[in-house]
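Q: I would like to learn how to read a few features of a protein model. Please give the general idea each time, then the case at hand.

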Amino acid sequence: MQIIKHTGRLKLVLSRYRKQGATIGFIPTMGALHPGHLSLIKQSVITDDITVSSIYVNPTQFDDKSDLKNYPRNFKSDYALLKSEECTIVFSPDNKEMYPRPDNRRFNFGRMGDVMEGKMRPGHFNGVAQIVTKLFDAVQPHRAYFGKKDFQQLAIIQKLVNDYDIEIVACPIIREKDRLAMSSRNSLLSDQERNDAPAIYRTLLLVKEKFRNRNVKEAEKFVEERINKYTSLKLEYFQIVNSITLDPVDEIASTIPLTACIAVYAGSVRLIDNIDIFS
Ligand code: AMP
């Protein structure tokens, strides 16, 4: 596996592979890799001739400075994991490489960018779009792999990619044994927070089971009470949205695909999860 730190070198190496007719799969990450990330790598290794993964903690997508500072970083173990999955290239640029000058581009995702994560983390998706477009331009992959764990991000990338000839592959959420969604941030949880955190997905499962054909308000009240009864958990938002447009709905009716999305603070660690209501 090659480590590449500069965009120019990455483009040169990949152009050689492309000339040989190889297909390129790309998995952007912020590192602190876990089996959720590795499931994306595995999918690309199966599908594509060349697998490129990036490890870069992108400052422009953090609306909270302390979140950026505390974000887990572990390049040595990430490198070993990517190598064992037979990833071809790891691209690990620094800030000067990715932002030689400030990026003043402003993206507009319409209503899709204004709900949930977009509402709670102003500027987050603009930062995601800045880095993803820079990485897409550098890698020019045939396919890019994203996890459904970041459900709204996936929808926004799908919209963004209309301008590119790239297939977006949506990969299922990988969970711990107790079904907490795997996340780099889980390593920051205290014992108490880690104990309480599986209630997030259990609550989503109960919504799916009990609230079909009922009003979303009832589900919201149920979720708020259930999550907030754990001392270490605090609900930030719970929303049921049209899975395609991300428009919030009032009724949980099976006429359109719906996804229930949740963000919860476990102490100071922000966790997100989601569930498809009708699958
Ligand atoms: P991140 O490093 O958090 O930016 O995530 C990089 C990619 O891995 C994104 O496409 C995430 O959606 C995906 N990902 C993170 N956690 C999981 C998980 N538990 N299951 C599946 N995909 C995941």
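Q: Is glutamate 85 buried or exposed?

A: Buried means under 20% relative accessible area, exposed over 50%, and partly exposed in between, with a 1.4 Å probe and protein chains only. Glutamate 85 has 16% relative accessibility and therefore counts as buried. The model is predicted, so local features need pLDDT of at least 70 and side-chain atom pairs count only at pLDDT 80 or more, while totals for chains, interfaces and linings use all residues. Residues are numbered from 1 along each chain as its sequence is written, and side-chain values use heavy atoms, with hydrogens and water left out.

Q: Which side chain meets glutamate 85 in a salt bridge?

A: A salt bridge is a side-chain nitrogen of Lys or Arg within 4 Å of a carboxyl oxygen of Asp or Glu. Here the partner of glutamate 85 is lysine 42, at 2.9 Å from N to O. Lysine 42 sits in helix α2 (residues 35-47) and glutamate 85 in the loop between α4 (75-84) and β4 (89-91), so the pair ties together parts 43 residues apart in sequence. Helices (H or I, at least four residues) and strands (E, at least two) are DSSP runs, numbered from the N terminus. Lysine 42, at 41% relative accessibility, counts as partly exposed.

Q: How many salt bridges does a search of the whole structure find?

A: The search finds 14 salt bridges. One of them joins arginine 143 to glutamate 167 at 3.2 Å, N to O. Arginine 143 lies in strand β5 (residues 143-147) and glutamate 167 in strand β6 (residues 167-171), so this pair ties together parts that are 24 residues apart in sequence. Arginine 143 is buried, with a relative accessible area of 18%, and glutamate 167 is partly exposed at 43%.

Q: Which residues are linked in a network of salt bridges?

A: The network links Asp63, Asp67, Arg121 and Arg185. Within it, arginine 121 and aspartate 67 form a salt bridge whose closest N and O atoms are 3.9 Å apart. Arginine 121 is in the loop between α6 (116-120) and α7 (124-139) and aspartate 67 in helix α3 (residues 65-70), so parts 54 residues apart in sequence are tied together. Arginine 121 counts as buried at 9% relative accessibility, and aspartate 67 counts as buried at 18%.

Q: At what angle do helices α10 and α11 pack?

A: Two packed helices are described by the angle between their axes and the distance between the axes. Axes are lines fitted to C-alpha atoms, for helices over the stretch in contact, and angles run from 0 to 180 degrees between N-to-C directions. For α10 (residues 199-210) and α11 (residues 216-228) the angle is about 155 degrees and the axes are 10 Å apart. α10 and α11 are therefore roughly antiparallel; angles under 35 degrees count as roughly parallel, over 145 as roughly antiparallel, 65 to 115 as roughly perpendicular and the rest as oblique. Contact means heavy atoms within 4.5 Å. Ala199, Ile200, Thr203, Leu206 and Val207 of α10 make the contact with Ala219, Phe222, Val223, Arg226 and Ile227 of α11.

Q: How far apart are the axes of α1 and α7?

A: The axes of α1 and α7 are 8 Å apart, at an angle of about 45 degrees. That makes α1 oblique to α7. Thr7, Leu10, Lys11, Leu14 and Arg18 in α1 meet Asp137, Ala138 and Val139 in α7.
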